[in-house]
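This report walks through the fold, the packing and a few selected residues of one protein chain. Keep the structure open while reading.

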Amino acid sequence: MLARPVLGASPHARRLLLQPCVAASRRQVGHDSKSAASSSKDPLPPSSPFDSLDIRPVQRPDTPSYFMPKPKYYDMLAAITNIVEAHPQPKRLPSAKELKKTAGTTTTHWLDKKKVEERFGFKLSEGEFLTFRNQLDAAKRAIIKNGSERHTVSLYLSQFVDGEKETQMAGRGKGTKSKAKSRGHMDAVGRFTAGGRRKTAFASVIVAPVNPPKPGSQADVADALMAASLEVSRLAGQIAKITARLAEAEAESAAAAAPDNSSDSSGIPLETKMVRPAEEQQQQQQQQKQSAAAAALAQAVAASSVDVIKHAPLGEVLVNGRALNEYFVRETDRESVVQPMVVAGTIGKYNVFLRVKGGGHTGQAEACQLALSRALVACNRRKHLAPLSTAGLLVPDARFVERKKTGKPKARKSYTWVKR
């Protein structure tokens, strides 16, 4: 509450302040004029035509910031400042290295300027927002020994915390870096993904291991061959049945097509020469279906003998959905892309799917090389880290092409100086 203004030191002034209206105070003073004259040295003011008006005191505002341009902002700033002034601060602030080490665990992410304006309904300048953020940090660092008071302060400060950023940072865990995904990790499906860049090219890779059949014992090989022979015999029996049905259908069609007295020289009955009966059309459609099924079975038998022996295909390398030799025409670019697999000895053991954009063909090839190297380390760190590190394939090349300068043909090259 604002302090009420002092109208005067006389008892008459104090009575006017306490009475509900001026007219009532004057009437009360008129009834008790003797006591008023004896208790007050100053005479009462003369009567006025405004004495009959019911002038009540104006309602005082509840906050000292009522007459300021941003009362809500200054009220919050005053409350936070009271917290800071009422409690001591730690003697030593954390260093930049300590803050970086504990990033995402102890750092509080306050609302930014735009979110503060949207939530509380007032506009802030950059200076006002900076002061507000500094006071919030100081209030967060305040040492509060009383548990209930500490809980109350934390609840009050929670309205200024950005919950979205807190959730994102909590998912990273302690000590993790924001670039952990680009360094290589395994997704929920069991594939290994990583990213890389070179110049202005960005590449991401998905590496899926190919699981060839492990060499088993002789009994396992015999069981596989027995299962294959049983499958082939089953398919051969089905083919024999279909062949018998086809032979019967051909015999019936030949018997139906035999010439008789009611047929002409072409063998077609005279009454059906212009119109083919529906039964004959159904028989032809059935024969076509049977022949197609027989061909499919024969193809399945031919493929089954190969699938039993060869279970898994060789590893593929696709770049933006295209084959490696189609996307990278130059041989040097293709060699740089597959160099990590050559060094790690994983040619044919992984299916590699690359996505790359930006830059030229050389930059894209080297970006794919870095991404693939990181993905291979994520697949088997103990086996692949040493050879790839020795070959220098895990160190990103941070060099960029220097930009062209005005008045020069290239970045640093100058035109020939001419005297005249």
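A nonpolar core is a set of buried Ala, Val, Leu, Ile, Met, Phe, Trp, Tyr and Cys residues joined through side-chain atoms within 4.5 Å. Buried means under 20% relative accessible area. The model discussed here is predicted.

## Overall picture

The protein has 15 helices and six strands. It contains 420 residues, and 25% of them count as buried. Take the contacts between residues at least 6 apart in sequence: 68% of these join residues at least 24 apart.

## The sheet

The six strands form an open sheet. Their order is β1-β2-β3-β6-β4-β5, and the pairing is mixed.

β2 and β3 run antiparallel to each other, with seven bridges between them.

## The cores

In soluble globular proteins, nonpolar side chains tend to be buried together. Here the largest nonpolar core holds 29 residues. Which of them touch the most other members? They are V205, V207 and L354. Two or more residues each come from β2 (192-198), β3 (201-209), β4 (317-319), α13 (331-344), β6 (350-357) and α14 (361-379). The top contributor is α14, with nine residues.

Beyond its neighbours within four places in sequence, L354 contacts S204, V205, V317, L318, V319, N320, V337 and C368. Another core lies apart from the largest one. This other core has 22 residues, including Y73, F120, L124 and L136.

## Helix packing: α14 and α15

Two packed helices are described by the angle between their axes and the distance between the axes. For α14 and α15 (residues 381-390), the axes come within 6 Å and cross at roughly 145°.

On the α14 side, the contact uses S373, L376, V377 and C379. On the α15 side, it uses R381, H384, L385 and L388. By type, the residues of this contact are five nonpolar, two polar and one charged.

## A buried histidine

H87 sits in the loop between α4 (71-86) and α5 (96-101). Is H87 buried or exposed? Its relative accessible area is 13%, so H87 counts as buried, the cut-off being under 20%.

The side chain of H87 makes a polar contact of 2.8 Å with that of E149. Leaving out neighbours within four places in sequence, the residues in contact with H87 are A142, I143, I144 and E149.

K199 is not a glycine, yet its phi is positive, near 55°. K199 lies in the loop between β2 and β3, the two strands that pair in the antiparallel sense. With a relative accessible area of 29%, K199 is partly exposed.

N320 is the other case: its phi is positive, about 55°, and N320 is not a glycine. N320 belongs to the loop between β4 and β5. How exposed is N320? Its relative accessible area is 23%, so N320 is classed as partly exposed. N320 is also one of the residues that L354 contacts.

How values were computed
Residues numbered from 1 in each chain as written. Predicted model: local features only at pLDDT ≥ 70, side-chain atom pairs only at ≥ 80, totals over all residues. Heavy atoms only, no water. Buried < 20%, exposed > 50% of the residue type's maximum accessible area, 1.4 Å probe, protein only. Helix = DSSP H or I, 4+ residues; strand = E, 2+ residues; numbered from the N terminus. Contact = heavy atoms within 4.5 Å. Axes fitted to C-alpha atoms, helices over the stretch in contact; angles between N-to-C directions. Nonpolar A, V, L, I, M, F, W, Y, C, P; charged D, E, K, R; others polar. Polar contact = N/O pair within 3.5 Å; in protein donor to acceptor, adjacent residues only side chain to side chain. Pairing = 2+ DSSP bridges.
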